[in-house]
Amino acid sequence: MQKWDSHSELQTERLGAAFAAGLKSGDVVAMFGGMGMGKTAFVRGMAAGRGLTAEVSSPTYTLVHDYGGDPPLVHCDMYRIGGIDDLHSTGFFDYLESGAILAVEWSENIEQALPEGAWRLIFTKTGENDREILLKRI
């Protein structure tokens with residue numbers, strides 16, 4: 001398990017950019033943690049680290065954003081997912097099979113569907129702007 005400490009949104013983005021450099025086709029980045037923990041900032045960094053210029057925002061209402069790239073970076077928000085039927089309707093399993101890199105917010109809502117080998121990032125607030133991010137493979 002690896003641990004990172006972040007003291008700002010910008011630092012969280014930089015961690016995401018550095019992390020994204022090592023990702024490959026089919027990787028799943030499962031993010032756990034409540035609202036305002038920095039998950040979307042981390043994905044913004046992932047996009048920047050992969051050389052993407054798309055505007056990254058939380059897909060809370062659209063559920064999925066595809067930012068392009070080779071392989072594509074797909075950003076999913078599972079906050080509103082209540083079960084496996086809901087998950088199917090998002091196209092999650094199609095994206096898994098496509099070879100895209102998936103960044104999944106609110107992974108606690110679909111934990112049973114996460115593939116073996118997914119990256120697990122746990123975001124914890126440790127101060128006003130401070131976050132601890134734990135990283136491990138599932």
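I started with the helix pair: the axes of α1 and α2 come within 6 Å and cross at roughly 45 degrees. Axes here are lines fitted to C-alpha atoms, for helices over the stretch in contact, with angles from 0 to 180 degrees between N-to-C directions. That makes α1 oblique to α2, since under 35 degrees counts as roughly parallel, over 145 as roughly antiparallel, 65 to 115 as roughly perpendicular and the rest as oblique. I noted the crossing of α1 and α2 as right-handed (near helix turned clockwise from the far one by less than a right angle).

Before going on, I remind myself that this is a predicted model, where local features need pLDDT of at least 70, side-chain atom pairs need 80 or more, and totals for chains, interfaces and linings use all residues. Residues are numbered from 1 along each chain, and side-chain values use heavy atoms, without hydrogens and water.

Next, the cores (buried Ala, Val, Leu, Ile, Met, Phe, Trp, Tyr and Cys residues joined through side-chain atoms within 4.5 Å; buried is under 20% relative accessible area, exposed over 50%, partly exposed in between, with a 1.4 Å probe and protein chains only). Which residues touch the most other members of the largest one? I find F19, F42, M46 and L121, out of 23 residues. Helices (H or I, at least four residues) and strands (E, at least two) are DSSP runs, numbered from the N terminus. Elements giving two or more residues include α1 (9-20), β2 (28-32) and β6 (119-125), while α2 gives the most, with four. Apart from this core I see another, of 18 residues, V74 and W106 among them.
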